[in-house]
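Me: I'd like some practice in reading a model feature by feature. Could you walk me through this one?

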Amino acid sequence: MFKILLVCALAALVAANENAEVKELINEVNPDGFKTVVSLSDGSASQASGDVHGNIDGVFEWVSPEGVHVRVAYKADENGYQPSSDLLPVAPPIPEAILKSLAWIQAHPSKE
């Protein structure tokens, strides 16, 4: 199922960049996994590799209409989809008062 979604995403990447030329295209499917690479002349690119257990490592990148280089690396495994990028939002740190409250609750469990 994921391979179908990946192929559709790659096709959408190419279709969205109609004026871009494909510089590199690799699609390898082996008994022990797969590897796919797409690189376009406008700087858009995607690559992913996976193993027989369904674990996938990949990265995709492009230049936004504002001229910002966007790069997202990801891992997909038994823990789900885990993207990482400097452009993804980050949760604020947990306030010290909340951390102290959680520590107190853990040190003083309910008697029930």
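Reply: Gladly! A residue counts as buried when its relative accessible area is under 20%. Keep in mind that this is a predicted model.

Me: How many buried residues are there among the 12 residues of α2?

Reply: The count is 0, so by that cut-off helix α2 is hardly covered.

Me: What span should helix α2 have, and how far apart are its end C-alpha atoms?

Reply: At 1.5 Å a residue, the 12 residues of α2 (residues 96–107) should span 16 Å, and the end C-alpha atoms lie 17 Å apart, which agrees.

Me: Now the sheet, please. In what order do the strands run?

Reply: In general, strands of a sheet pair through backbone hydrogen bonds, either parallel or antiparallel. Here 6 strands make an open sheet, ordered β1-β2-β3-β4-β5-β6, with antiparallel pairing. The edges are β1 (22–30) and β6 (80–84); each has a single partner strand, so one side of each lacks a neighbour in the sheet. Within the sheet, β3 (residues 45–51) and β4 (residues 56–63) pair over 6 bridges, and S49 stands opposite D57 in β4.

Me: Which residues form the aromatic cluster?

Reply: F60, W62, Y74 and Y81 form one cluster. The structure as a whole has 3 aromatic pairs. In one of them, the rings of F60 and W62 have centres 6.0 Å apart and planes at 5°, so this pair is stacked. Y74 and Y81 have ring centres 5.5 Å apart and planes at 40°, so their pair is tilted.

Me: Is Y74 buried or exposed?

Reply: Y74 is buried, at 8% relative accessibility, whereas Y81 is partly exposed at 49%.

Methods. Residues are numbered from 1 along each chain as its sequence is written. This is a predicted model: local features need pLDDT of at least 70, side-chain atom pairs count only at pLDDT 80 or more; totals for chains, interfaces and linings use all residues. Side-chain values use heavy atoms; hydrogens and water are left out. Helices (H or I, at least four residues) and strands (E, at least two) are DSSP runs, numbered from the N terminus. The expected span of a helix is 1.5 Å times one less than its number of residues. Buried means under 20% relative accessible area, exposed over 50%, partly exposed in between (1.4 Å probe, protein chains only). Two strands pair if DSSP finds at least two bridges between them. Rings of Phe, Tyr and Trp (its six-membered ring) pair if their centres lie within 6.5 Å; planes under 30 degrees apart count as stacked, over 60 as edge-to-face and the rest as tilted.
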